Amino acid sequence: MQTMQIKDAMRYSVNKQAGKQTWGLLVIVISLLSVGLCSGCLYKGVRVAGIESHAKVFEGNKYRILGDAEGSSSSFNLLWLLPVTPRIDYDRAVGEAVNSLRGDNLINVRTWFERQIWIIGMVEILHVKGTVIQYER
Amino acid sequence: MIYRNKNRVLFLFLIAALLLEHACITSPVAVTSSTTPVHDKKIIMNYGPVQGSHRVWSVFGLWMVGRPDIELAIQDALKKKGGDALVNVSCYEKTSWFFFVSENKVVVEGEAVSFDTGVSEKDKGKQTIKTKK
């Protein structure tokens, strides 16, 4: 009889501990979510958009490498739906990267797309990174 | 007694949900002939198919920490068999959702090749390809 009581008491203690751990886990999750949402950013994600050997048609075989550069193009949608800036543009992003080093073309092109959803709206950014070249004439 | 069992079941469910994958999706990203221009280079060695990947994690599937980097995935693929670049490249993205986090992985597949660094003007355009088995 006494053994049964001890066993029952031990089981109760283990269950009580498990219950406490569960609540602790839930409190941590809710706290983390609250901190994230209070910052105003509801979502932030990046996805790979493409990979290319060159951005524009090659105009010559001889070229010199100027260096690595990155360009971007962004847009903002008020209340996630209403566009208030021009749409993201791949050519604009490539042009920005090429012009930053005053080159002619971009090779080894890597593209990725970033989306941030805030309380007041949504930001979309297209990033283009590559190596800027200049043709030898 | 019922209350105690309820707590235990809830706790086990949370642990199982943490460990077990909830869902996953694979989406294609791009297909390209090469990762770098090859028209002015001579391919001297083809090392065969390779695969590389790079992964990042999102908190609750909402806030991504870092970004999936395709350049690092290419470097990872080239590290396996060597080579200078990838040809016949395909790239896809895999997202897996767990209970509190999600995993975003970019995967690059292609054939690793080496270029001849000292190509003479006469040989340009001719591509002699050896295949390593």
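Student: How many residues of chain B are in contact with chain A, and how many of chain A with chain B?

Tutor: Two residues are in contact if their C-beta atoms, placed from the backbone, lie within 7 Å. Here, 30 residues of chain B are in contact with 28 residues of chain A. This is a predicted model: local features need pLDDT of at least 70, side-chain atom pairs count only at pLDDT 80 or more, and totals for chains, interfaces and linings use all residues. Residues are numbered from 1 along each chain as its sequence is written, while chains are lettered from A and ligands numbered from 1 in the order in which they are written.

Student: Which elements of chain B give two or more residues to the side that touches chain A?

Tutor: Elements are DSSP runs, numbered from the N terminus: helices are H or I, at least four residues, and strands are E, at least two. On the side of chain B that touches chain A, the elements giving two or more residues are α1 (2-19), β1 (23-34), β3 (63-65), α2 (70-81) and β4 (85-97) of chain B. α1(B) gives the most, with six residues.

Student: What is the make-up of that side by class?

Tutor: Ala, Val, Leu, Ile, Met, Phe, Trp, Tyr, Cys and Pro count as nonpolar, Asp, Glu, Lys and Arg as charged, and the others, Gly among them, as polar. The side of chain B that touches chain A has 16 nonpolar, eight polar and six charged residues.

Student: In what order do the elements of chain B run?

Tutor: Chain B has two helices and five strands. From the N terminus on, the order is α-β-β-β-α-β-β. Of the contacts in chain B with a separation of 6 or more, 76% join residues 24 or more positions apart.

Student: Which residues have the most contacts inside the largest nonpolar core?

Tutor: A nonpolar core is a set of buried Ala, Val, Leu, Ile, Met, Phe, Trp, Tyr and Cys residues joined through C-beta atoms within 7 Å. A residue is buried if 20 or more other C-beta atoms lie within 10 Å of its own, exposed if 12 or fewer, and partly exposed in between. The largest core has 22 residues, and B:Ile70, B:Ala77, B:Cys91 and B:Val108 have the most contacts inside it. At least two residues each come from β1 (41-54) of chain A and from β2 (42-59), α2, β4 and β5 (101-116) of chain B. Beyond its neighbours within four places in sequence, B:Ile70 is in contact with residues including A:Val48, A:Ile51 and B:Cys91. A second, separate core of twelve residues includes A:Ala97 and A:Leu126.

Student: Which residues of helix α2 in chain A are buried?

Tutor: An α-helix has 3.6 residues a turn, so residues three or four places apart point the same way. In α2 (residues 90-100) of chain A, the buried ones are A:Ala93, A:Val94, A:Ala97 and A:Val98. They are on the same side of α2(A) because they cover an arc of only 130° around the axis, taken from the directions from the helix axis to the C-beta atoms. On the other side, A:Asp91 and A:Asn99 are exposed. The cover over the buried residues includes β2 (63-78), β4 (105-118) and β5 (121-135) of chain A.

Student: Where in chain B is pLDDT under 50?

Tutor: pLDDT is the predictor's confidence in each residue, from 0 to 100. It stays under 50 over residues 119-129 of chain B. The chain B mean is 82. Among its elements, α1(B) has the lowest mean (72) and α2(B) the highest (93).
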